[in-house]
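Dear colleague,

Please find the structure below, together with its sequence.

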Amino acid sequence: MAKKNQKKAPEVEYELLEKPEEIAGRLERGEAFVRKNSKIFGGILVVGILVMAAILYLQIDKQNKDKKAQAEMFQAVYYFEQDSTDYALNGDGSNPGFLKIVDQYSGTNSANLAHFYIGSIYLSEGNFQKAVDHLKKFSAGDYFVQARAYALLGDAHLELGNTKEAISNYKKAVDHKENKHFAPRYLSKLAIAYEEAGEIDNAIKTWGTIEDKYFESFEFTNARKHKARLEGLASK
């Protein structure tokens, strides 16, 4: 039986992707570049180290300031809880008030919280614009406190006649991790703001939300009453 002629596949020659002499040449050129620009690289390294050191220093400094501010703010919080608002704001001569805390320890968590206290005090005293100015500077990870701050901002704006801003902040208070205990209260404020703005349909809808979703709440009875009243006005 005749053997089949088997053709050997032609060998394909591949060039080396990286020849040793080429690698050596590149390394030499790289080393020469580094030597030539050593001052630049050294400067970049120094700048990087300085930046990292500055960040670390600022973090440690901020933590130390925050601890000191917390200790100094203790008495102001006590005065706030006792309704001694003048001492809470301005201090008692020995202990600083919230106003000094936000000025002296700006950027710390304590100063942030102090803005909330200051805004609350100004709101209770009828200084509505000052209340807005401070409450806008406050932010909190605690969703109960943050929602409360939005509601207080809404109150201040409503007193100033800024119904659009009041509505916006009341909505934020309602929607900020909504819970059954506080949402009905914030919805009541929102409904009142809508009525103040002449948005009767939205006011009715908001009272209706309390009626439908929060029938066990303290605000339920008022919601039914005001919804019926507004529906009567809308039908005329």
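What covers the buried residues of helix 6? The cover includes helix 4 (98-104), helix 5 (109-124) and helix 7, where contact means heavy atoms within 4.5 Å. The buried residues of helix 6 (residues 128-135) are Ala131, Val132, His134 and Leu135. Buried stands for under 20% relative accessible area, exposed for over 50%, and partly exposed for anything in between (1.4 Å probe, protein chains only).

Before the other findings, two notes on the source are in order. This is a predicted model, in which local features need pLDDT of at least 70 and side-chain atom pairs count only at pLDDT 80 or more, while totals for chains, interfaces and linings use all residues. Residues are numbered from 1 along each chain as its sequence is written, and side-chain values use heavy atoms, with hydrogens and water left out.

The chain as a whole

The chain has eleven helices and zero strands; both are DSSP runs numbered from the N terminus, helices being H or I of at least four residues and strands E of at least two. Of its 236 residues, 32% count as buried.

Helix 7 and helix 9

The axes of helix 7 (residues 143-159) and helix 9 come within 11 Å and cross at roughly 25 degrees. Axes are lines fitted to C-alpha atoms, for helices over the stretch in contact, and angles run from 0 to 180 degrees between N-to-C directions. The two helices are therefore roughly parallel to each other, a term for angles under 35 degrees. On the side of helix 7, the contact is made by Ala147, Arg148, Ala151, Asp155 and Leu158; helix 9 contributes Tyr186, Lys189, Ile192, Ala193 and Glu196. These residues divide into six nonpolar, no polar and four charged. Here Ala, Val, Leu, Ile, Met, Phe, Trp, Tyr, Cys and Pro count as nonpolar, Asp, Glu, Lys and Arg as charged, and the others, Gly among them, as polar.

Two asparagines

Asn179 is found in the loop between helix 8 (163-175) and helix 9 (183-196). Asn179 counts as buried because its relative accessible area is 17%. Leaving aside residues up to four places away in sequence, Asn179 touches Tyr143, Phe144 and Pro184.

Asn222 belongs to helix 11 (residues 220-235) and is partly exposed, at 33% relative accessibility. Asn222 and Ser188 are 34 residues apart in sequence, and 8.7 Å apart in space, C-alpha to C-alpha.

Yours sincerely

Terms used. Parallel < 35°, antiparallel > 145°, perpendicular 65-115°, else oblique.
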